[in-house]
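Please walk me through this structure. I would like the overall build, then the core, then the charged pairs and the surface.

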Amino acid sequence: MRLEFLENGPIRVEGERFTLRVGDKEEVLEKPRVFLCRCGASGNKPFCDGTHKRIGFQAPGGTLEVEGD
Ligand code: FES
């Protein structure tokens, strides 16, 4: 798995099918990618809702390779 930290923005995760578990709820998302909030201000956590632009969030871009999954 590869995570991409977008400059001044969220974390992009590529895939095909994501299973989100929060508390006792589970949701399957069939989509090619999701964007996870990195700024902490999203109103739709754990996903990015674009708020990072409004608050002027700044952070460098980068990647994280997850091996062995
Ligand atoms: S990174 Fe987009 S709302 Fe937090």
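Buried residues account for 23% of the 69 residues in the chain. Here buried means under 20% relative accessible area, exposed means over 50%, and partly exposed lies in between (1.4 Å probe, protein chains only). The model is predicted: local features need pLDDT of at least 70, side-chain atom pairs count only at pLDDT 80 or more, and totals for chains, interfaces and linings use all residues. Residues are numbered from 1 along each chain as its sequence is written, and side-chain values use heavy atoms, with hydrogens and water left out.

Start with the overall build. The chain has one helix and six strands. Their order along the sequence is β-β-β-β-β-α-β. Helices (H or I, at least four residues) and strands (E, at least two) are DSSP runs, numbered from the N terminus. The C-alpha atoms fill a box of roughly 30 × 30 × 20 Å along the principal axes. Contact means heavy atoms within 4.5 Å. Of the contacts between residues at least 6 apart in sequence, 40% join residues at least 24 apart.

Over residues 8-58 the model is 10% helix and 39% strand. The end C-alpha atoms of that stretch are 4 Å apart.

Now look inside. In soluble globular proteins, nonpolar side chains tend to be buried together. The largest nonpolar core here has eight residues: L3, I11, V13, F18, L20, L29, V34 and F47. Strands β2 (11-14) and β3 (17-22) are the elements that give two or more residues to this core. A nonpolar core is a set of buried Ala, Val, Leu, Ile, Met, Phe, Trp, Tyr and Cys residues joined through side-chain atoms within 4.5 Å. Leaving out residues up to four places away in sequence, V34 touches I11, R12, V13, F18, L29 and F47.

Two residues further along are worth a look. P46 sits in the loop between β5 (33-36) and α1 (51-55). P46 is partly exposed, because its relative accessible area is 31%. Beyond its neighbours within four places, P46 contacts L20, F35, L36 and C37. T51 is in helix α1. With 11% relative accessibility, T51 counts as buried.

Turn to charge. Side chains of opposite charge can pair when their charged atoms come close. A salt bridge is a side-chain nitrogen of Lys or Arg within 4 Å of a carboxyl oxygen of Asp or Glu. By this rule there are seven salt bridges. One of them joins R17 and E30 (3.1 Å, N to O). R17 lies in β3 and E30 in β4 (residues 25-30), so this pair ties together parts 13 residues apart in sequence. Another links E26 and R21 (2.8 Å, N to O), and both residues are exposed. Salt bridges with shared partners join R2, E4, R12, E14, R33 and E65 into one network. Within it, R12 and E14 meet at 3.5 Å, N to O.

The accessible surface of the chain is about 5100 Å², and 47% of it belongs to carbon and sulfur atoms. Accessible areas come from the Shrake-Rupley method with a 1.4 Å probe; for residues, only the protein chains shown count as cover. M1 is in the segment before β1 (2-5) and is partly exposed at 47% relative accessibility.
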